[in-house]
Every structure is written in C-alpha cells, then in structure tokens.
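Please take the structure below slowly, one region after another, with the sequence beside it. The paragraphs that follow start with a sheet and then turn to the domains, the spaces between and around them, and a few points of backbone geometry.

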Amino acid sequence: MVLEAIQYDPASENAPPSLRVLDQLQLPHRTTFEQIKTCEEAHDAIKKMKVRGAPAIAIVAALALAVEVGSSVVQHQLPHSPEEVRTTLGGRLDYLQTSRPTAVNLGDAVGKLKVVAQNAASKSDASAASVAQAYIVAAERMLVDDVSDNRAIGEYGARWIEANTAAGRKRRSDRHAELKVLTHCNTGSLATAGYGTALGVIRSLRASDNLTRAYCTETRPYNQGSRLTAFELVHDDIPATLVTDSMACALLAKEKDSLAAIVVGADRVAANGDTANKIGTYSLAVLARHHGVKFLVAAPRTTIDRHTLSGADIVIEQRAPEEVTRIKGPKVDDNGKILIDEGSELISTAASGIEVWNPAFDVTPAHLIDGVITEVGVVEKKDGKFDFEAIFT
Ligand code: MRU
C-alpha cells in the first residue's frame, strides 16, 4: 500500500478533476478518504486537521480550487471574461488562506497561483478557459514538485548526517556502529504529497542502510507522532521506538553517542532562521544543544519566509482547549466493555473548569539550529547567521 494523504485525478473526457484526502483524525485506526469538491470543504478539512502538515495544507487548498474551477469548465459555468476568472480565483485563494495561519506554504502557494492567473489573464489571446486551465496546470504541478523536492531533501539530509555527525562518521568506519535519529510531529507522506521532509531524511538514511533506529515523540496534544509518524515507520518497516514528549530528555542522556541528530520539519522559517514548528520542537532543540546532538530543520524552500524577519513576527495558531483536556478513546458499553469496532469517542482527562493554553506551534531560535535541509542543499550558519538568499537565486 502506498501511503498518501492526497489522492487527485486530473480531468478526463467530460469529467472534472477529483480530490480525496485521507481523514487523519481517524488514523491509525481507520483509513477513510473524504471527497473534496469545494473550497469550503477544503477549508473545513484543513481547519479540523483532517489534512495537516505545511506542504499538504497548501497542496490540498490549491487542488480544491482546481476541482472547483475544473467543474465550472465541464458545466460551462465559468465567468465570461478572463479577468472575471482571475478575480474569482483570487477571492477563493484568499478565503482558503484563512484556514490556518502559521504554515507559510499556503500563503506562498496562494501568492504564486495568483501570479499564474494574472499572467494568463493578461495574455493578448486570453480567454476564460485559458486562465482556468493555466491555474489547474499550476496547481497540479505543486503536487508533483513536492514529491521530488522531498526526495532531494531526504538525500541532502541523509548525506549531511552521515558526514557531519559523530554517529555518522563512526558508522562510516564501523558498520556495526549505531546511528539513530529522533523526530517530532509528523512530516512524512501524510504531511506532504509523499515521502516527507524530516521523515524523508529518515527514509533516505534507511535506504542507504545507515539508520539503525528512529525515535518518534508522541507529540501532544494532537499525537501526530504516535498516531501518524509511528504509523508511517511501521508501514515502512523502519526499526522505530515511540517515546512520550516528556521522555526526550532521558532518551538524549542515554543515547547521545548513538543519536546522530534530531530532525524536525517546519511550518515557517523566518529570514533569520528562527523556525516555527509543532509545539515541543523548541524543547527538543534546547535538549539537543545541552547534549551535544545536532539539531536540523528539514523543509522545502516554500517554507522559508524571507518577508518575516524573525520568529517574533510569526503568528502562532491557538487551538481549542478540548484538544488538551480530552483524548480519543474506544467506545465502551454500559457495562464498561470496550467496543473495539465501534469507533472512538472523546474522553475527558482534565479537571473540568481548568483554563488551558494550547498553542499549536512554538518558535525555535536560529542559534539552536545547526542546519536547514532544503531541496537544493543544506544551509548552515556563516559567522553565526543563516543567509537563505543564495538558495533562491
Ligand atoms: O499542526 P500540524 O500537524 O499541521 O503541524 C505539522 C508540523 O508542525 C510539521 O512539522 C510541519 O508542518 C512540517 S510537515 C512536512
């Protein structure tokens, strides 16, 4: 089975494109795909985190609008002029961008797709259909490009770890030496169009027979680590161990010689390298520095936001208190018997009335980050500072 969170079929004959997303709220217990026909449905799926992960959010939003526009083409309901199509696309993209605020990939995709529509509409031979078609082609391209970008990130990250970490160098001279990597949240096939960013690095290390074990954190409160990353690691048969977030410090103390690096993804990397990622990332970076373990961020260039100067300017999404005060558990009958096959329900784990702080992300300061792994190479600090300009030229 190929692990994928996004299933997309381009238009054929008189059928419009179609989009399905894996409902990640049901994982690891159920693999259920949900059809997305409108931008409202995509907005809802992103907000409720049925689909999540910075690249996946952007791609689903872009493709949902491709489905909407493709359906209008098939039903002959496109606005009449190229300019009207461009304006409609722009409005729909603006709406999609309001679904979740922290990951920059969505804003980046919105900006690029608006330029595509603008360029198509300003051609001398533009028609409503040609603007729609240009948009659809560009949105579909994002799905394809993300997989190849992730594979490149995986390769660059794996080679960097092999060459630049103590455990990596040791393994080069001794094939029995351990090389372990810890990751946080979910950055794999479920968070992207496929393969993954930080999890792509783990996959590439495994492919070159240079990973002896991956550790994944549970990632409270949404449990992307235990539900999703653990699911991917088991799926790929990668030797892996799950730890709760609070075990990370003890794990680093015990494994610091064999733990080559902590590799995480990102939702937004500011121009100075400060990185917003899943809550708990910052603590791991502090632990890594304390134990002399390398700390790496793996992200496509679309996650690097050169317009945001530092982490202080990144908007951090606050989520509902219920994500902290309740967990999903199996249904039980009146006699307390667990009903395994009847889905799950929310169970309260906190004293009723307690106030909750639930930021979805935190910001890791650049000085704690050893490198940012992108699809064009690993950016390291020079004179203590990140400079991303060279990877955009
Ligand atoms: O709230 P989520 O699950 O969307 O958060 C996901 C993360 O923080 C990931 O690390 C990040 O988006 C990178 S995914 C390749």
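**A walk through the model**

Three strands, in the order S1-S2-S3, make up an open sheet whose pairing is antiparallel. Helices (H or I, at least four residues) and strands (E, at least two) are DSSP runs numbered from the N terminus, and two strands pair if DSSP finds at least two bridges between them. The edges of the sheet are strand S1 (6-9) and strand S3 (33-36), each of which pairs on one side only, and from one strand to the next the twist averages 25 degrees. The model is a predicted one, in which local features need pLDDT of at least 70 and side-chain atom pairs count only at pLDDT 80 or more, while totals for chains, interfaces and linings use all residues. Residues are numbered from 1 along each chain as its sequence is written, and side-chain values use heavy atoms, with hydrogens and water left out.

S1 and strand S2 (residues 18-22) run antiparallel and are joined by four bridges; Asp9, for instance, has Ser18 in S2 as its bridge partner. In the loop between S1 and S2 lies Glu13, whose phi is near 45 degrees, a positive value in a residue other than glycine. The loop between S2 and S3 holds Pro28, and the peptide bond from Leu27 to Pro28 is cis, with omega near 5 degrees. Helix H2 (residues 54-74) lies across S1, S2 and S3 and runs at about 25 degrees to S1, where axes are lines fitted to C-alpha atoms, for helices over the stretch in contact, and angles run from 0 to 180 degrees between N-to-C directions.

The chain can next be viewed by domain. The assignment gives domain 1 (6-145) and domain 2 (156-391), with bounds that come from an automatic or database domain assignment. The C-alpha centres of domain 1 and domain 2 lie 28 Å apart, and 25 residues of domain 1 are in contact (heavy atoms within 4.5 Å) with 33 residues of domain 2.

Where is empty space left in such a structure? Rolling a probe the size of a water molecule over the atoms shows this. Here the search uses a 1 Å grid over the protein atoms alone: a cavity is a set of points where a 1.4 Å probe fits but cannot get out, a pocket is an open set with protein on both sides within 12 Å along at least five of seven lines, and lining residues have an atom within 4 Å of a point. Grid points are joined across faces, edges and corners, and a volume is the space filled by probe spheres set on the points.

The largest pocket has a volume of about 750 Å³. Why does the largest pocket lie between domain 1 and domain 2? Both domains give residues to its lining, so the pocket lies between them. The lining has 24 residues, and those nearest the centre are Leu25, Arg227, Ile327, Lys328 and Ser344. Helix H11 (322-325), strand S12 (326-332) and strand S13 (338-348) each supply at least two residues of this lining, and S12 gives the most, with five residues. By class, the lining of the largest pocket divides into nine nonpolar, six polar and nine charged residues, where Ala, Val, Leu, Ile, Met, Phe, Trp, Tyr, Cys and Pro count as nonpolar, Asp, Glu, Lys and Arg as charged, and the others, Gly among them, as polar.

The second largest pocket holds about 300 Å³ of space. Of the 15 residues that line this pocket, Lys112, Met142, Asp145, Asp149 and Thr302 lie nearest its centre. H2, helix H4 (104-121) and helix H5 (128-164) are the elements that give two or more residues to the lining, and H5 provides the largest share, six residues.

The largest cavity contains about 180 Å³ of space, and of the 22 residues that line it, Gly53, Ala54, Asn186, Asp267 and Asn277 are the closest to its centre. H2 and strand S9 (275-278) are the elements that give two or more residues to this lining. Domain 1 and domain 2 both contribute lining residues, so the largest cavity lies between them.

The second largest cavity has a volume of about 50 Å³, and the residues that line it include Met49, Pro221 and Tyr222. Pro221 is found in the loop between strand S5 (213-217) and helix H8 (224-235), and a cis peptide bond, with omega about 5 degrees, joins Arg220 and Pro221.
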